[in-house]
Amino acid sequence: MPGKTDLEKKYFDINAYAFIEKLRLQIHRKVIQILKMYDRLDLKDIVYTCVKELVINGTKAMVKRIVFAENNLDIDDPDDWEKGTAIFKNKLRESYIEEFAKKTKSLNFKVKIRYIYNVKGMRVEVINNTPIPRIDEKRMRGKLSKAMRYNSIGDYYMDNADDIEGVGMGLAFIVILLKNQGLDPQYLRIGTIGDQTIARVEFPFKEDYIPYRDIKYKEKLIKDTSH
């Protein structure tokens, strides 16, 4: 029987301003450390890949905000969105990481990587302190819905090769990875709360793992019935 401390949630946070090699190594080390604690190193590849994709997605969102601001473009205007997105994609092909890391830090744009884990499972939240633009969110939801129809990452990328750097491609990749691992793709959730974008992915270690959405739903029911 595990001791009480084994069943208590443990937290570990990392703050990031750009996806640099040092951050990639930190993510990898923490994933290995946690999985080794619970003898679940069999999940190391999928956990690391999913967390990495969420962090890349979050740091790109910060860069995009800066690109739009520097070019006096409205990220929620369809015409400006097209122009700004084209500039943003070109920036991704340049050596922009160090330049934008300084800018995101000075503007207090950051991504927080939060690991929540215990003997039953692991939840990773990537919290971006900027909301998803409306146009990007619509496109992202479309890609996630489309990804649910695929079981092969190769097939998905072949069918969407013209939009390989588009909004939501990394998230669609995670959906297919989860499906291939036999995990519920609903373990990936993303949304905006206030001025924050929160992406969450979960990995059960035990069969009796309770998904976070079910915990929150039960908490809401208890709260509603207590009034």
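Predicted model: local features only at pLDDT ≥ 70, side-chain atom pairs only at ≥ 80, totals over all residues.
Visitor: What makes up the protein chain, in terms of helices and strands?
Guide: You'll find nine helices and five strands. Going from the N terminus, they come in the order α-β-α-α-α-α-β-β-α-α-α-β-β-α.

Visitor: Where does Leu43 lie?
Guide: Leu43 is in the loop that links helix 2 (21–37) and helix 3 (44–70).

Visitor: Why is Leu43 called buried?
Guide: The cut-off for buried is under 20% relative accessible area. Leu43 has 4% relative accessibility, so it counts as buried. Across the protein chain, buried residues make up 45% of the 227 residues.

Visitor: What does Leu43 touch, leaving out residues up to four places away in sequence?
Guide: Its contacts are Leu35, Gln181, Pro204 and Phe205. A contact here needs heavy atoms within 4.5 Å, and those four residues are the ones listed for Leu43. There's also Phe203: its C-alpha is 8.4 Å from that of Leu43, although 160 residues separate the two in sequence.

Visitor: What describes the way helix 2 and helix 3 cross?
Guide: In general, two packed helices are described by the angle between their axes and the distance between the axes. For helix 2 and helix 3, the axes come within 10 Å and the crossing angle is roughly 145°. The crossing is right-handed. Helix 2 brings Leu23, Arg24, Ile27, His28, Val31, Ile32 and Leu35 to the contact, while helix 3 brings Lys44, Val47, Tyr48, Val51 and Val55.

Visitor: How do the residues of that contact of helix 2 with helix 3 divide into nonpolar, polar and charged?
Guide: Nine are nonpolar, one is polar and two are charged. Arg and Lys count as charged, and Arg24 and Lys44 are both in the contact.

Visitor: Why do strand 4 and strand 5 count as a pair?
Guide: Pairing takes at least two bridges, and strand 4 (residues 188–193) has six to strand 5 (residues 196–204), so the two strands pair. They run antiparallel. One of the residues involved is Leu188, whose bridge partner in strand 5 is Val201.

Visitor: What lies between strand 4 and strand 5 in the hairpin?
Guide: Two residues sit between them, and Gly194 in the turn has a positive phi of about 65°.

Technical notes. Residues numbered from 1 in each chain as written. Heavy atoms only, no water. Helix = DSSP H or I, 4+ residues; strand = E, 2+ residues; numbered from the N terminus. Buried < 20%, exposed > 50% of the residue type's maximum accessible area, 1.4 Å probe, protein only. Axes fitted to C-alpha atoms, helices over the stretch in contact; angles between N-to-C directions. Left-handed = near helix turned anticlockwise from the far one by under 90°.
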